[in-house]
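Hi everyone, thanks for coming. Please have the sequence and the 3D view open while I talk, and stop me whenever you like.

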Amino acid sequence: MTQDSSQNTPHSSENPDAEPPSLLAGVTIRKAMPSDAEAIHALLRPYVAQRLLLARTEAEVIELTRHGFMAVRTDDGKEKCLGFAAVEIYSAKLAELLSLAVHHEYRNIGVGRMLVDHCVQRARELGVMEVMAISSSEEFFKNCGFDYSLPDQKKAFFCQLRPRHPH
C-alpha cells in the first residue's frame, strides 16, 4: 500500500468535513511605524498603478503611520506586510480612513475589515465624532458600518480641482 500524503491534511478522506487551514491564521494587526514605509509603499504600488489609490510620497506614507495599522504575518522569522490602513484626524468632529490596501492573496478573508476596525477604534479613542471613507468599494464599507450620509445629516459634495492621476 502506498502512503498518500493527503491523509495527513485536514481534507483527508478520513475527515471530509474538516475546514481548510485559515489564511487568517497567524495574521495580526499592529501599529504601523515610520520604518514600515518601504513595505507600505510596496503594498500600495499595484493599487496606485490600477488607479484605485492615490500615489503617496515617502513623507506622506511616514505621516500616515502616525495613526496607521499594518496586517502582518511572520513566516520563518520574517514579517510580511499583508495590509495597511490609516486614519487621518482632521478635527474632533471628523477623520478620514485612508490608503486601505490588502495584498491580493489575502483579500476577501477579513484582513481589510480588521484594519478598518482598528482605524475606527483609534478615532474613537481620540474622541472623533465621525469617520469618513472615500472609496469605490461601496459594499465593503457598508458592511463595515459606513453609509452615504449619517442619519438626518447633510451629504458630502465634491468639486474636483485637478486630475486625481497624472496622465
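Let me start with a question: is His 67 buried or exposed? Keep in mind that we are looking at a predicted model. His 67 is buried, because its relative accessible area is 10% and the cut-off for buried is under 20%. You can find His 67 in the loop between helix 2 (58–64) and strand 2 (68–75). So what is His 67 in contact with, once we leave aside its neighbours within four places in sequence? The list is Lys 31, Ala 85, Ala 86, Val 87, Ile 89, Arg 122 and Leu 126.

Now please turn to helix 1. Helix 1 covers residues 37–49, which makes 13 residues, and reaches 18 Å from its first C-alpha to its last, close to the 18 Å expected. Helix 1 also has a kink of about 30° at Leu 43, shortly before the proline Pro 46. Which residues of helix 1 are buried? They are Ala 37, Ile 40, His 41, Leu 43, Leu 44 and Tyr 47. Here is a handy idea for reading such a list: an α-helix has 3.6 residues a turn, so residues three or four places apart point the same way. The cover over the buried residues of helix 1 includes helix 2, strand 2, strand 3 (78–89) and strand 4 (94–102). Just after helix 1, look for Arg 51, which takes a positive phi of about 60°.

Next, let's follow strand 4. Seven of the nine residues in strand 4 are buried. On one hand, strand 4 pairs with strand 3 in the antiparallel sense over six bridges, and Gly 83 has Val 102 in strand 4 as its bridge partner. These two strands form a hairpin, with four residues between them. On the other hand, strand 4 pairs with strand 5 (residues 130–133) in the parallel sense over four bridges, with Leu 94 opposite Glu 130. To get from strand 4 to strand 5, the chain passes through helix 3 (residues 111–125), and this β-α-β crossover is right-handed.

Last stop: the aromatic rings. How many aromatic pairs are there? The count comes to two. Together, Phe 140, Phe 141 and Phe 146 form one aromatic cluster. Phe 140 is partly exposed at 28% relative accessible area, while Phe 141 is buried at 10% and Phe 146 is buried at 13%.

Methods: Residues are numbered from 1 along each chain as its sequence is written. This is a predicted model: local features need pLDDT of at least 70, side-chain atom pairs count only at pLDDT 80 or more; totals for chains, interfaces and linings use all residues. Side-chain values use heavy atoms; hydrogens and water are left out. Buried means under 20% relative accessible area, exposed over 50%, partly exposed in between (1.4 Å probe, protein chains only). Contact means heavy atoms within 4.5 Å. The expected span of a helix is 1.5 Å times one less than its number of residues. The bend at a residue is the angle between axes fitted to the seven residues ending there and the seven starting there. Two strands pair if DSSP finds at least two bridges between them. A crossover is right-handed if, with the strands pointing away from the viewer, the path from the first strand over the helix to the second runs clockwise. Rings of Phe, Tyr and Trp (its six-membered ring) pair if their centres lie within 6.5 Å; planes under 30 degrees apart count as stacked, over 60 as edge-to-face and the rest as tilted.
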